[in-house]
Amino acid sequence: MSYAARELSFRAGGRLLLDGVSLNLQPGQVHALLGPNGAGKTTLLRLLAGEQRPHSGSVELNARALADLGARELARQRAVLPQAHGLSFACTGAQVVALGRLPCPRHSAEHEARIVHDALELAGVGALAGRSYPTLSGGERARVQFARVVAQVWEPLADGVARFLLLDEPTASLDLAHQHDCLRAVTELARRGLGVLVILHDPNLALRYANQVTLLREGRLLASGAPEQVITAEALEQLYGVPVRLVRANGGLPVVTVCDRPTPPAGPARSAH
C-alpha cells in the first residue's frame with residue numbers, strides 16, 4: 001500500500017508548473033517536501049489530493065487510480081490540510097474538528113466525542129475545544145484545523161488499507177515551540193501507521209522529523225531520499241540560491257546555517273577634481 005505519483009506534469013496560464021515529477025509516500029513515514037516559493041509544491045500536493053488533474057502522468061492511492069475512488073472513499077484514505085482555512089462561522093474548536101468526521105462511518109455520540117477529544121489533545125489544543133473558532137489566533141486556528149484532518153483519518157481501515165495525511169505548510173503560522181509540537185504529533189501519527197507528506201520551508205525541521213525528503217525546484221525534482229543524503233550544502237544552495245553550510249555539534253544532527261554573501265570587491269578609487 002502506498003501513495004504514488006508517476007511522471008506528473010501540470011500547466012496553468014501557459015506555464016509548466018510541474019514537469020515529470022514522481023513521488024512515493026509510504027505508510028509509517030514522514031515525507032518532507034522542500035523548495036522555494038513557486039517551485040510547484042502546492043500544485044503537487046493538490047494533484048496528489050485529487051483536487052486537480054495532471055495533464056500527464058498518474059496518481060495511485062493504495063494501488064488504485066485516484067479517479068476510480070469515490071469522494072467518501074477517498075476522504076477516508078487521505079486527509080488534506082491546505083494553507084488557508086476559510087471558516088468564519090461561530091463554531092467551537094470541537095465542532096470544527098468534528099467536521100473532519102463527516103465522511104466517516106458514524107458511531108455513538110460518545111465514541112465520536114472521544115475521537116474529537118483525542119485529536120484535539122494530539123494537536124495540543126484540547127483547551128480550545130469550547131472556544132469560538134473566529135476568536136482564535138492564526139496559530140490556534142491552524143492547530144485546530146490540523147486536529148480536524150487528523151480526526152478524519154483517525155480510525156484504521158479494513159483490510160489494512162493505508163491512511164495518509166497531506167499537509168501544506170502546517171508550521172507556517174506557528175511559533176517555534178508549536179512548530180516542534182506539530183511535527184512531533186506528525187511523527188506520532190506515522191508511528192501509528194499513517195503516511196504523511198508535509199510541505200516545509202525549514203530544512204532543519206526536515207532533518208529532524210522526516211524519514212524521506214524531496215527537493216523541488218522550478219517544477220522539477222532536484223533530489224529525493226534520506227534527509228542527510230538529500231539536504232546538503234550544495235543541494236540547498238542550488239535550491240534557494242543562498243550560500244549555506246551544515247554544522248554538526250557533538251555528533252548530533254547537522255544544522256543548516258545561512259552564510260553571509262561575499263562582499264563584492266570595491267571598484268577603483270576615483271580621484272576628486
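Trainee: Which side chain of opposite charge is nearest to Asp 168?

Mentor: This is a predicted model, in which local features need pLDDT of at least 70, side-chain atom pairs count only at pLDDT 80 or more, and totals for chains, interfaces and linings use all residues. Residues are numbered from 1 along each chain as its sequence is written, and side-chain values use heavy atoms, with hydrogens and water left out. Asp 168 is buried (under 20% relative accessible area, 1.4 Å probe, protein chains only) yet has no salt bridge, a term for a side-chain nitrogen of Lys or Arg within 4 Å of a carboxyl oxygen of Asp or Glu. At 5.8 Å, the nearest side chain of opposite charge is Arg 46.

Trainee: With which side chains does the side chain of Asp 168 make polar contacts?

Mentor: A polar contact is a pair of N or O atoms within 3.5 Å, where within protein one must be able to donate a hydrogen and the other to accept it, and residues adjacent in sequence count only if both atoms are side-chain atoms. Another, at 2.8 Å, links Asp 168 to the side chain of Thr 42.

Trainee: Where in the secondary structure is Asp 168 found?

Mentor: Strands are DSSP runs (E, at least two residues), numbered from the N terminus. The run that holds Asp 168 covers residues 164-168 and is strand 7.

Trainee: What percentage of the residues in the chain is buried?

Mentor: The chain has 273 residues. The buried share, to which Asp 168 belongs, is 45%.

Terms used
Buried means under 20% relative accessible area, exposed over 50%, partly exposed in between (1.4 Å probe, protein chains only). Helices (H or I, at least four residues) and strands (E, at least two) are DSSP runs, numbered from the N terminus. Lys and Arg count as positive and Asp and Glu as negative; His and the chain ends are not counted.
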